[in-house]
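Subject: Structure handover

Hello,

Here is the structure I promised you. Please open it first, then read my notes below.

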Amino acid sequence: MLTKTKNVIKNNPGIFKRVDEIDVPEILFNPTKTGTPEFDHAFSEMGGITPSCVTLVTGTPGAGKTTLMATLGARLQSVRPVVFLSYEMSDFQLKLTAKKIAGFEKMLIVTQEFHKGSEGKKSFEEFLNGPLADLNPSMVIVDSLQKMAGVMVGSYNNNQIWLTEALTKFAKKTFVPVNMIGHVSKDGTYKGPTTIKHEVDAHMHIQMDKELGERIFSFSKNRFGGVADPYIFRITSHGVYVGEEWWLKAGTDIAEMAKNAICEFKAISEKSQYVPFKAFQKMAKDVVKHLQSDYRSELLDKGVAKTADIKLTWSGNRAFCQPSTAKINFGEKFFKDLTDANRGKIGYKSEKAFINRNCQNKEDVALWVVFHEFAHLFQGRQKHVKSFFSFIEKTWQEQSTRIGLA
């Protein structure tokens, strides 16, 4: 090191420091696991919830912010309790939530409004630095910033900033991770100062994807992990399923849905000269759901899509696939022109032999097209080579009994 540099550092103690001289507390290298791969991968590169991490959790109304955070807290694998500061739900609603989310009944609930009134800020700080710090929980969930700020004395926006600062100080002092739920309007605008997003360590956003018909959570900011991957979760009357859990549970049910959809489609289509497109759409959706469920692990291994969620569109006069975006298009005009009379003319020359061997009517051809485009996506290629058609025929035969193709 240059003499001048050394002298400046020596004459200004406490101002300059070298990164390699910084001591990082060992606890920060030991994230708490949730037992759910999607949660663990999303929150940190080490896998799990990093101690002291402050996360802002936002989402459109009804997207499932509270439910997902309650599920996360209930799954945290720690002997220390999770504390849920609940100002959105009544005691009755909390009891109902406990019936739906396994492990939620073991969480400690705080509904007392320490932050309310003229002495609110002082009282809330005393709660943070007193009972809460003494308890040393494994995580604190706040539901929600807006609800808390709304009953505090002073500016609504300033109250949100103050709460964020107070909870962040608590997290950094105790190494307890804090997840703060915040609301956005229907157009996605945060209901409060956007500077909060810059103050926190991570920002998770939850939304309903209209195209997929799924709930999705992802990180737009994360100092401890990546921000690119979206993860699906489902809320049902009998539980919450995150990522692969739904596919593992629903495989049999999805196969039955596909089978019923095919039977219904055939019954409707047989009465018409042309393929009724609305009936085809419903059938195609259920068959594709079944195929992506049955071949889900292979889709993920091939990197077709991070979550193997196939996007379906319905425009134009032809069917095609875009493997790079996991998109399949079934053009309406193509199927409106499909009849029993011209079914033998459908497709490229290279695939006619396969169609004639497996398809007895226009309904079979319509199903063949669904399998054909899925094969394009599965193999990640556009060209029609021998192995491509072999895969389709093999898959067709495998699924014939399972979902009633023949």
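Start with the overall size. The protein has a radius of gyration of 27 Å, whereas a compact globule of 406 residues would be near 22 Å. That radius is taken over C-alpha atoms, and the globule rule is 2.2 Å times the number of residues to the power 0.38. Along the principal axes, the C-alpha atoms fill a box of roughly 85 × 65 × 35 Å.

Before the details, a word on the source. This is a predicted model, in which local features need pLDDT of at least 70, side-chain atom pairs count only at pLDDT 80 or more, and totals for chains, interfaces and linings use all residues. Residues are numbered from 1 along each chain as its sequence is written, and side-chain values use heavy atoms, with hydrogens and water left out.

**Whole protein**

The protein holds 15 helices and 12 strands. Both are DSSP runs numbered from the N terminus: helices are H or I with at least four residues, strands are E with at least two. Buried residues make up 50% of the 406. Buried means under 20% relative accessible area, exposed means over 50%, and partly exposed lies in between (1.4 Å probe, protein chains only).

The accessible surface comes to about 20,200 Å². Carbon and sulfur atoms account for 52% of that surface. These areas come from the Shrake-Rupley method with a 1.4 Å probe; for residues, only the protein chains shown count as cover.

Now contacts, meaning heavy atoms within 4.5 Å. Take those between residues at least 6 apart in sequence: 63% join residues at least 24 apart.

**Helix 13**

Which residues of helix 13 are buried? In this helix, residues 349-358, they are Glu 351, Phe 354, Ile 355 and Asn 358. Seen down the axis of helix 13, these buried residues fall within an arc of 100 degrees, so they line one face of the helix. The arc is that of the directions from the helix axis to the C-beta atoms. In general, an α-helix has 3.6 residues a turn, so residues three or four places apart point the same way. The cover over the buried residues of helix 13 includes helix 14 (362-379) and helix 15 (386-403).

A cis peptide bond joins Asp 143 and Ser 144, with omega about 5 degrees. Ser 144 sits in the loop between strand 4 (139-143) and helix 6 (145-150).

Two residues have a positive phi although neither is a glycine. Ser 52 has a phi of about 80 degrees. Its loop runs between helix 2 (37-43) and strand 1 (54-59). Ser 52 counts as buried, at 6% relative accessibility. Ala 326 has a phi of about 55 degrees. Look for Ala 326 in the loop between strand 11 (319-322) and strand 12 (327-330). Ala 326 is buried too, at 2%.

The contact lists here leave out residues up to four places away in sequence.

- Asn 179 is in strand 5 (residues 178-181). Its relative accessible area is 1%, so it is buried. Asn 179 touches Phe 43, Thr 55, Val 57, Met 69, Leu 72, Met 139, Val 140, Ile 141 and Val 142.
- Val 110 is in strand 3 (residues 108-110). It is buried at 16% relative accessible area. Its contacts are Val 83, Phe 84, Leu 85, Ser 86, Tyr 87 and Phe 127.
- Ser 269 belongs to helix 9 (residues 244-269). It is buried, with a relative accessible area of 0%. Ser 269 is in contact with Tyr 274, Val 275, Pro 276, Lys 362 and Glu 363.

**Two glycines**

Is Gly 213 buried or exposed? Gly 213 is exposed, with a relative accessible area of 52%. It lies in the loop between strand 6 (202-209) and strand 7 (214-222). Gly 130, in helix 5 (residues 120-135), is buried at 18%. The C-alpha atoms of Gly 130 and Asp 309 are separated by 47 Å.

Best wishes
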